[in-house]
Amino acid sequence: MGLFRMLFSYLMRNEQLINKLADTKPIRRSAQFVAYLLLKSKTYGIPMPFNYEKWIKRLETFTETYKQKLKEVEEKMKKNSPK
């Protein structure tokens, strides 16, 4: 859980990073999709339950994947860097 706190505190303090991320197409599309689902669920009277356990598992999977990709990029940079 310490990693999540550090990540979120870094994101909260770095406004430029948040703006850059918000301008990316995947973030915009996912926000549009979530807004669409919320509006449709309210229209039909379907409550959308929020499963915290599932969200935490997805967040953990995301952080693991992020770490792996970061290590891969670092290794590629080390291999391709001029000596």
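Let me start with a term: contact means heavy atoms within 4.5 Å. This is a predicted model, where local features need pLDDT of at least 70, side-chain atom pairs count only at pLDDT 80 or more, and totals for chains, interfaces and linings use all residues. Residues are numbered from 1 along each chain as its sequence is written, and side-chain values use heavy atoms, with hydrogens and water left out.

Take Thr63. It sits in helix H4, residues 52-80. Helices here are DSSP runs (H or I, at least four residues), numbered from the N terminus. Is Thr63 buried or exposed? Buried, because its relative accessibility is 9%; the cut-off is under 20% relative accessible area, with a 1.4 Å probe and protein chains only. Beyond neighbours within four places in sequence, Thr63 is in contact with Leu3 and Phe4.

Now the pockets. A pocket is an open set of points on a 1 Å grid over the protein atoms alone, where a 1.4 Å probe fits, with protein on both sides within 12 Å along at least five of seven lines; lining residues have an atom within 4 Å of a point. Volume is the space filled by probe spheres set on the points, which are joined across faces, edges and corners.

The largest pocket holds about 680 Å³. It has 18 lining residues, and Leu7, Phe8, Leu11, Leu21 and Phe62 are the closest to its centre. Helices H1 (2-13), H2 (15-22), H3 (25-44) and H4 each give at least two lining residues.

The second largest pocket is about 400 Å³. Ten residues line it, with Pro49, Phe50, Asn51, Trp55 and Arg58 closest to the centre. H4 gives the most to that lining: four residues.

Methods. Buried means under 20% relative accessible area, exposed over 50%, partly exposed in between (1.4 Å probe, protein chains only).
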